[in-house]
Amino acid sequence: MLASSPDCIKVLDLDGTLRFMSEGGLRAMEIDDFAAFKGCHWPDFCHGYERGALQAALATARAGGRGHFQGYADTVKGNRRYWDVVVTPMLDAGGRPDRLLAISRDVTEARAAGERIGLALDTGVVLGTWVWDVARDQLTGDARFADTFGLDPEALTTGLALRAAAAAIHPDDLAQVAERVGQAVSRGGPYRAEYRVRRPDGSWRWIEANGHCELDPAGEPTRFPGILIDIDSRKRQELRQAALIELGDHLRGLSHPAAIAAAASQVLGAALQVSRAGYGSVDAAREVIEIEPDWCAGPGIASVAGRHAFRDFGSYIDDLKRNEVVAIPDVRQDPRTGAGVARLGALQIRALLNVPLMKDGRLAAVVLAHTDAEHPWTEEEVAFARAVADRTWAAMEQARAGAELQRINETLEQQVAVRTQERDGIWNASQDLLGVADAHGVWLSVNPAWTDKLGWSREEILGRTSEWLEHPEDRAATHVAVIRLAGGSRVADFENRFRTRNGGYRSFSWVAVPVEGKLFCSARDITEQKLAAERLARAEEALRQSQKMEAVGQLTGGVAHDFNNLLTGITGSLELMSLRIGQGRISELEHYVAAAQGAARRAAALTHRLLAFSRRQTLAPSPTNINRLVAGMEELIRRTVGPEIEVEVVGAAGLWPALIDANQLENALLNLCINARDAMPEGGRITIETANRWLDEQAIREQDTAPGQYLSLCVTDTGTGMAPEVIERAFDPFFTTKPLGQGTGLGLSMIYGFVRQSGGQVRIYSEPGQGTTMCLYLPRHHGPGEESARPDLPSAAPGAGKGETVLVVDDEATIRQLISEVLEELGYAVLEAEDGAGGLGILQSDARIDLLVTDVGLTGGMNGRQMADAARLARPDLKVLFITGYAENAVMGSRPLEAGMHVLTKPFAMDILAHRVTTLIAGG
């Protein structure tokens, strides 16, 4: 029994001296000779255990009890393992402890499995959980598990046989999964497997299963819980990388273009899981392609090998000639393939991916992939296809060079003189860097192109390695390539940069082979190609920006008009105030102040609506009674829609409160009512209705939101209604069915952004001629109390305490001056800084600072959040008030605000700032 046990079983004297260790213990502790350790003191022998825990376990056992602890300890060979240790007494004839028995079980793998499960739960990629009752073969799981395996969730709650889930596993993975499940069941402990399961659409998804089989005291399996983790994206990326490596290895052994094309097509098609993949040589002048024998997914997919005219299928050859990848998800929807839809359909092409290969600036070949169904090409797929294309092209070029070399070798004896002359001509005339080096990379011979391209003389290069020319970032990779060459491996498509005599760098793509202890190298100058790629990327970005600005341009007239009106109100009021002061008519100033403040508030509301469109506005949610809000808006809505429109309000009794920004919700409601009015040019009726809603599993799928309690705010009109295609695009930015100049298409997008940012959802219910219902679903607020009337801020904030100091940091001098004057009038001492570095310098001094008031967007390379975080290293209790005119994300970044940090959105009233400052300093 001792010999067969994997546990480390030890017999100790009462003082912990080691007298015996089982064979399993010797293996577990990696001990070759026990005699060297017999008689050692166990606490000294086991490195890594927490000393107090081990001594406590020994003391408990000496007293007749059972000592137990867990912890890390190293084997004698330095391998760290995690042990579960139990120490019990061995009694003599009189029942007194005579010796101690210590049993250490290695639970490293079980602990690692538990950590993996915890990590998976934390990352949010869990696809489901299960529990398998092994004895009864009853598998239960949650709804996500059922969805992943295509099982009935109801049946899974009561239990299914394990084979029901096994039916969804890919046949190629089933044996491996069964083997690992069997191992876990037979010995207990952790289980992990990666495999594919079938999706409802017939495709396969990669998942990782982690579990742990529990055994009863008799060693029989009882309970087997576990989780599923989504690894599809990672696994596919790994498979693509493996496919590229495999392709590279395979291509090195091929020399015929047709064989190279076939190998590349098979790897591309299998990795992307498309219908067809292939390679074709292009005659750019005639705009025709000669496709080599292609790879097809099955007998139902016909080959397209042969000669084809590009223009028969559309105009996308123009993009290929510009070295642009053509990725079309649906040929029926893309204008470039509109003229060729019929021909493409006859070839079972619904989506296509073409990667151009250029030679001397002209389109020379294309690597292609087709699907017979609509397919949105991802960036990862395009990048993979580009990598396959590059490797294929390099292999093709190498094959052609090899074929040419072979042809020359076959006539070597007859053409020695000619070949020598030609070789010298090529050597001297080649624009590629040609060179011969020894096994250590020391150059023995180089062609004139080195001087032409780099400016260094032949004498400066020979007798040295190229390390002095290499870009510092490329030296390590170049060194590895030279080692591979010295070891007999061929290097192709290796890129690095060499320094020119004028101090710049040029990029080269290398092909090198070792021959009889020497390295024969060729490097093509790809500097211009890389610059062209960068210019293309910049041009594409400029095009995207142009398209974006073209859409934003639809807003320019209306926004400029609104802001000009608002600025006229503000500047006009200020001018009249100045005039009246000069006339001594002070009693009229309040009227102009009110007018200027009203225009400023409307300008702030306009910027908030624009931020709502981007879903970036800083919201101020509070418990809100929606019925009360609607009632307060009713009169404004009636005046806005006009007398031809009847307005009816139906408020639900007992309506739950919502945690929402009331101002934004008022704007959203008014916009919905204006849209309803525009849909009823001949008049009609608008119904505003509220209700409590429970969203169950079915409703969740329909509404695309989380389950739970919501309240709805719906606006229904009797207008023209919407067609399905209009509903589908209604929330798109800048989409509108109104005539030019009568709408920007921004309103519904702003409403959608605000509601989604608030944790809710927006839905449209409409049919042409039957009117429209727009419903906002807002999460119920479960916090204490509903919204009460918003208290007015005190007209004057309380004064400062003795010596209380505020640091104000803002790169706008006017804002700093205003804030400082307000705070000094309250009695605070004020320190100022115009950038983050200056503010941090004050914060790191010994000056008393009770509150930091800082803008977020500061100049000088350090924003307000970074400054506050750095200051809190020395002042952990520093209170911070961020002021921002853009978005909460600018403050928070990827992290939430910490305790003691608050946000105030620009523009703000000075009395609100004063009240906020005094409240924060007072501890509010």
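**Sheet and aromatic contacts in the predicted model**

Strand E27 (residues 708-717) pairs with strand E29 (residues 772-779) in the antiparallel sense, over 8 bridges. Within this pairing, Asp 717 has Thr 772 of E29 as its bridge partner. The coordinates come from a predicted model. Both strands belong to an open sheet of 5 strands with mixed pairing, in the order E24-E26-E27-E29-E28. Because strand E24 (645-650) and strand E28 (761-766) each have a single partner strand, they stand at the edges, and one side of each is left without a neighbour in the sheet. From one strand to the next, the twist averages 20°.

Two helices contact this sheet. Helix H20 (residues 626-641) packs on it and touches E24, strand E26 (684-695), E27 and E29; the direction of H20 makes about 175° with that of E24. Helix H21 (residues 662-678) lies across E24, E26, E27 and E29 and runs at about 35° to E27.

The structure also holds 15 aromatic pairs. In one of them, the ring centres of Trp 443 and Trp 450 are 4.9 Å apart and the planes lie at 65°, so the pair is edge-to-face. Trp 443 is buried, with a relative accessible area of 6%, and Trp 450 is buried at 0%. Trp 456 and Trp 468 also form an edge-to-face pair, with 5.0 Å between centres and 70° between planes. Trp 456 lies in the loop between helix H15 (449-454) and helix H16 (458-461), and Trp 468 in the loop between H16 and helix H17 (475-486). Both Trp 456 and Trp 468 are buried. The charged end of Arg 464 sits over the ring of Trp 468, 4.1 Å from its centre.

Terms used
Residues numbered from 1 in each chain as written. Predicted model: local features only at pLDDT ≥ 70, side-chain atom pairs only at ≥ 80, totals over all residues. Heavy atoms only, no water. Pairing = 2+ DSSP bridges. Helix = DSSP H or I, 4+ residues; strand = E, 2+ residues; numbered from the N terminus. Axes fitted to C-alpha atoms, helices over the stretch in contact; angles between N-to-C directions. Contact = heavy atoms within 4.5 Å. Phe/Tyr/Trp six-rings, centres within 6.5 Å; stacked < 30°, edge-to-face > 60°. Buried < 20%, exposed > 50% of the residue type's maximum accessible area, 1.4 Å probe, protein only. Lys NZ or Arg CZ within 6 Å of the ring centre and 35° of its normal.
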